[in-house]
Amino acid sequence: MNSTYTLDFAPLVPWPFLAACMAIVVLLAIYGLWHRARGTLLRTLAAAVALAALANPVARKEEHAGLPDVAVVVVDDSPSQGIGDRRQQTAAAEAALRQRLGAIENLDVRVVHAGQPSANTAHRDEGTRLFSALTLALSDLPRQRLAGSILITDGQVHDMPEVVAAQDAASAPVHVLLTGRPDERDRRLVVHNAPTFGMVNQDLSITLRVDDSGAAPGETAELHFHQQDVGDQTITAPIGQDVTVPFRLPRAGHSLLEFDVAPVEGELTPLNNRVALSVNGVRDRLRVLLVTGEAHAGERVWRNLLKADPNVDLVHFTILRPPDKQDGTPIRELSLIAFPIRELFELKLNEFDLIIFDRYRRRGILPSSYYENIVNYVRHGGALLDVSGPAYATPLSIYRTPLADVLPGRPTGTVRTEPFLPELSPTGLRHPVTADLPGATDNNGKPSWSHWFRVTNVDVTRGQTLMQTSDGTPLLVLDRFEQGRVAQIYSDQIWLWSRGFEGGGPQAELLRRLAHWLMKEPDLEEEALRAEIRGGELQVERQSLTEHQEPVTVTKPDGSQAPLKLTEQGKGLSNGTMPVEMPGIYRVEDGEHEAIATMGSVNPKEFADPRATPNILKPLADASHGSEHWLRDGLPDIRMLDKPTRSAARDAAGRDWIGLYRQNDYVVTGLTLTPLAAPLGVLAGLLVVMLLMWRRESR
């Protein structure tokens, strides 16, 4: 406890009035002395006593209690600190600093951990924010109590201001204790230009670069490229130079692209050797060829449904007059056009995304070679939808053509012509094309759709039956044929749904889903594994036609694996969640399928250059007269220094020591004010001066 004494004033009148009175007294005194007036000094003395009484001087006594200085230690817990033995170096330095600083008298220690990514910040790719953590730690601390700051970090800090304001000697030093080694090497893959979407079957490209701090001039690296649904390729990439990789999207929806470069011996981490991208494929227009075998009530319904979609480019032909029809009508009186079979089924067949046969039958129009063209079209990735009419059960059935190789239903030769209610099969209840169709089940578990009145009986030789009658007769079958897909509807009565008969049914929605499944839309795959990261959680969804009890395996960015149990949700879906905090690539596998989810940006700041460096924090340390030390050389000693003056600013560190300032701050615990101008004393002084004046002037 210390005491200090000071002189203070508590004027009885405002200072401006007091100053004006003093000025008048001074002027009168000067005037009197200039003219040698008698009693000038005594009158000035009397005025001075009066002014002193008005100024009311007091003796101020303060009692002080010293406050401890504060040292702030900021510990970097960012992911890059997990490389090598940096975590061990950090933990050892933190423990030693706590012990050494705690032993210093009159010094408090604040330890702040920063840089650990959270669920709310990892997706923003903010990197390591030590400067913000230091600023926050000092926000409630008076600067006159700060002894200094010590940062334990690898030096990779991403929130340093571009210009650090110059610090004077009165501010506290900032010391940087660096983990890692000054001679580290790392190889990393950097993406410079990557599209987020692209047109299907159009040329696209990605620009990447392999950086390696320890590579020799002219050295190359093997860059591996994996594209979902396409395959793998290996590219020789010159280190330090941009490489453009061309690719095409084979289908609409999200396609996964993975790039990785083999790690090199002695590099810091392989985490930045791999990049995963998701590119969304967009179709320009869906080109559909609709061939109606004969005019019927549902023909216009099919046409209207397809023409209503602005993304569908429809080519529609209806066979109104087969070549074998002979009724004597002159050709010049017919307004029909010839069916351009060669142009459609030979020259431009591969330009169509989907071919629909609506009640089509063999009528001598298409030769066998054109049916072979359709088979090859499907074999190489095309899509075929057949809506069968009664003719499918006759010798004129298209099943009696080479199309039998791709059609999953073999006709039995009979047609059922009694009312029946379409319903979903057990497989259809789990298939994404039909699982949640509107009206699929009512309160009694039956569909609320209208009846149909005709179905062609078939034996399903392959594929999956999604819709059937109540006795199990197939109505809708989907099948894969090599690279292409085929769908068959064995009734031509589906048009009743669009007409609103008995309340109708979801014809438009069913056709849309069928078309998208035939176009290989990922959201309608019946066997699929999907993963994405939202709100700090890895969300995994499995679509399957069978129930699975086994968990999926999640591989984290650091290579560790963890099982994840999925919960059955019905309609073929099961899902599960896992909290995640580490940025990077998460791979999910179930033994047959795999999915990838990424957290953070394509080029995360944290691993853009994970080498330890003093260069980023050096301006801050130099401006505050601090220092940088490598922990591999040992923890420096700590010395308490007297706070220097502005003119005596010097570095608060040496080769093997760092310094903290004694700020000597205090808090006032007691205050005593003693008036020096007592009223009786002032009155007595005035009387004495006035008597002297009277005596002097009476002579």
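This is a predicted model: local features need pLDDT of at least 70, side-chain atom pairs count only at pLDDT 80 or more; totals for chains, interfaces and linings use all residues.

Just after helix α9, K520 adopts a positive phi of about 65 degrees.

Helix α9 covers residues 507–518, twelve residues in total. From its first C-alpha to its last the helix reaches 16 Å, close to the 16 Å expected at 1.5 Å a residue. Which residues of α9 are buried? They are Q507, L510, L511, R513, L514, A515, W517 and L518. W517 also takes part in a contact with a charge: the charged end of R485 sits over its ring, 4.8 Å from the centre.

I turn now to the aromatic pairs. A pair of aromatic rings is described by the distance of the centres and the angle of the planes. The structure holds eight aromatic pairs. One of them is formed by F225 and F259, which are stacked, with 4.5 Å centre to centre and 5 degrees between the planes. This pair links distant parts of the chain, since F225 belongs to strand β10 (residues 220–227) and F259 to strand β13 (residues 253–261), 34 residues apart.

W449 lies in the loop between β20 (423–424) and β21 (455–460), and W497 lies in helix α8 (residues 495–498), so the pair ties together parts that are 48 residues apart in sequence. W449 is buried, with a relative accessible area of 5%, and W497 is buried at 3%. Both tryptophans belong to one aromatic cluster, formed by F420, W449, W452 and W497.

Finally, I come to strand β5, residues 146–153. This strand is mostly covered, with eight of its eight residues buried. With which strands does β5 pair in the parallel sense? Strand β3 (residues 69–76) pairs with β5 over six bridges, and V75 stands opposite I152 in β5. Strand β6 (residues 174–178) pairs with β5 over five bridges, also in the parallel sense. There, the bridge partner of S149 is V174 in β6.

Notes
Residues are numbered from 1 along each chain as its sequence is written. Side-chain values use heavy atoms; hydrogens and water are left out. Rings of Phe, Tyr and Trp (its six-membered ring) pair if their centres lie within 6.5 Å; planes under 30 degrees apart count as stacked, over 60 as edge-to-face and the rest as tilted. Helices (H or I, at least four residues) and strands (E, at least two) are DSSP runs, numbered from the N terminus. Buried means under 20% relative accessible area, exposed over 50%, partly exposed in between (1.4 Å probe, protein chains only). A charge sits over a ring if NZ of Lys or CZ of Arg is within 6 Å of the ring centre and within 35 degrees of the ring normal. The expected span of a helix is 1.5 Å times one less than its number of residues. Two strands pair if DSSP finds at least two bridges between them.
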